[in-house]
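Take a look at the model below. Then use the briefing to find your way around it.

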Amino acid sequence: MKTQSGFTLIEVLIALLVFGLIATAAAEVGSQYISSYERVRDKTLASWLADNRINEIRLQETIPGISENSKDTDFGPYRWRVTTAVLATAEAKMRRVEVTVALYREEGAAPVPVHTLSAFVGAQ
C-alpha cells in the first residue's frame, strides 16, 4: 500500500493566510514609502520656491510696500501658487515677509499649502 505525502487542505489554507498577511504588510510599507517620498519631494521643491521669492525681495533696491499677492508658477513638473505677504513691523525700515507655497494636486482643484517661510527685510 502506497502512502501519499503532501499537504493537507488545512496546511495549504494556513500557508495562504500567512502569505496573504505578509503581502498585505509589504504593500502597506511600500505605500508608506511612496507617500513619504512624495511629501519630502513636495516640501523640498516648495522650500526652493519660497527661498527664491525671499531672495528676489531682498535683491530689490527699495524696501517693499505692505501688500499681499499670489502668483501661479510652474516649477519642476508641477504647478504651484506662491503667495507673498509683506507685513509691517515696529521698526519703520523693516518688513516681515511671509511666503506660502501651495501645490495644485489636481486640475481645477484649490492648491494645497505645502510650505511657509518667514523672513525680515529692511532698508540698508
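Predicted model: local features only at pLDDT ≥ 70, side-chain atom pairs only at ≥ 80, totals over all residues.

Residues are numbered from 1 along each chain as its sequence is written, and side-chain values use heavy atoms, with hydrogens and water left out.

**Strands and hairpins**

- Helices (H or I, at least four residues) and strands (E, at least two) are DSSP runs, numbered from the N terminus.
- Strand β1 (residues 67-75) pairs with β2 in the antiparallel sense, over 9 bridges; two strands pair if DSSP finds at least two bridges between them.
- F75 stands opposite Y78 in β2.
- The hairpin of β1 and β2 has 2 residues between the strands. G76 in its turn has a positive phi of about 65°.
- β2 also pairs with strand β3 (residues 94-103), antiparallel, over 9 bridges. Here V86 has V97 as its bridge partner.
- A hairpin of 5 residues joins β2 to β3.
- β3 pairs with strand β4 (residues 112-122) over 10 bridges, again in the antiparallel sense. V97 has A119 in β4 as its bridge partner.

**T83, in a strand**

- T83 lies in strand β2 (residues 78-88).
- Why does T83 count as buried? Its relative accessibility is 17%, and buried means under 20% relative accessible area, exposed over 50%, partly exposed in between (1.4 Å probe, protein chains only).
- Leaving aside neighbours within four places in sequence, T83 is in contact (heavy atoms within 4.5 Å) with E68, N69, S70, E98, V99 and T100.
- The side chains of T83 and S70 make a polar contact at 2.9 Å. Such a contact is a pair of N or O atoms within 3.5 Å; within protein, one must be able to donate a hydrogen and the other to accept it, and residues adjacent in sequence count only if both atoms are side-chain atoms.

**I57, in a helix**

- I57 sits in helix α1.
- I57 is buried, with a relative accessible area of 4%.
- I57 touches P64, T84, V97 and V121, not counting residues up to four places away in sequence.
- I57 and V121 are 64 residues apart in sequence, yet 7.9 Å apart in space, C-alpha to C-alpha.

**Pocket lining**

- α1 (9-58), β1 and β2 each supply at least two residues of the lining of the largest pocket.
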